[in-house]
Amino acid sequence: ALVAQLEAIYAPETAGLLVEIVVTPGDHSDLPTLELNASVVASGVSLVGGSAPARERSLSASSADATTTPTNGEVTLRAKAGQPLLRTLPGAPRLWVRGLELRGQVRVSGSHVDFEDCAFEDSHATEGGALAVVDGGVVEANACTFTRNNATKGGAVLISNAKAAFATCNFEENSATDGGSALHVLGTNGEG
């Protein structure tokens, strides 16, 4: 149901709306790459773990997607093996992601994504094990954890010709064979 709910943000009924997708607790495994691009007609999208109040239109991903439902209310999204979990492309509306455990690379290109209270864990990619912010992408992360991610460059995060801000985030046990166990920055000027 999560994939179907994401497909709805391309439908005319959501044109101009801020759409909130509430993902039920459980382990949502073997997901295809979830993508937001310039064809999304919603004005913004929120992807929220658990139950949360609706903004303008709320879509609920059914627990039928979940292979297990833990009693602690955690929501885990896992990519299919060898695929990114989430990709945002130039022209995509702003995306807010809150309260999710993300297991698979997130790639933000030429778009804006805000993460709050998210856990990026056990993800692997060539560049940016958990998160790659590239080509004009903008990421703001607050109260997030990055644990046991690995890559060649940027074990947890790669930032290349893009902007990223991390507030109260923790980086633990990430690794990279060619630079930046936690962060690897390319073609970006740091700001104080």
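Which residues do ring pairs link into a cluster? In this predicted model, where local features need pLDDT of at least 70, side-chain atom pairs count only at pLDDT 80 or more, and totals for chains, interfaces and linings use all residues, the cluster consists of Phe115, Phe120, Phe146, Phe166 and Phe171, linked by ring pairs. Residues are numbered from 1 along each chain as its sequence is written, and side-chain values use heavy atoms, with hydrogens and water left out.

Rings of Phe, Tyr and Trp (its six-membered ring) pair if their centres lie within 6.5 Å, with planes under 30 degrees apart counting as stacked, over 60 as edge-to-face and the rest as tilted; by this rule there are five aromatic pairs. Phenylalanine 120 and phenylalanine 146 are stacked, because their ring centres are 4.5 Å apart and their planes stand at 5°. Since phenylalanine 120 lies in strand β12 (residues 119-121) and phenylalanine 146 in strand β15 (residues 145-147), the pair ties together parts that are 26 residues apart in sequence; strands here are DSSP runs (E, at least two residues), numbered from the N terminus. Both phenylalanine 120 and phenylalanine 146 are buried, a term for under 20% relative accessible area, with exposed meaning over 50% and partly exposed in between (1.4 Å probe, protein chains only).

The rings of phenylalanine 166 and phenylalanine 171 have centres 5.8 Å apart and planes at 75°, so this pair is edge-to-face. Phenylalanine 166 is partly exposed, with a relative accessible area of 24%, and phenylalanine 171 is also partly exposed, at 28%.

Methods: Helices (H or I, at least four residues) and strands (E, at least two) are DSSP runs, numbered from the N terminus.
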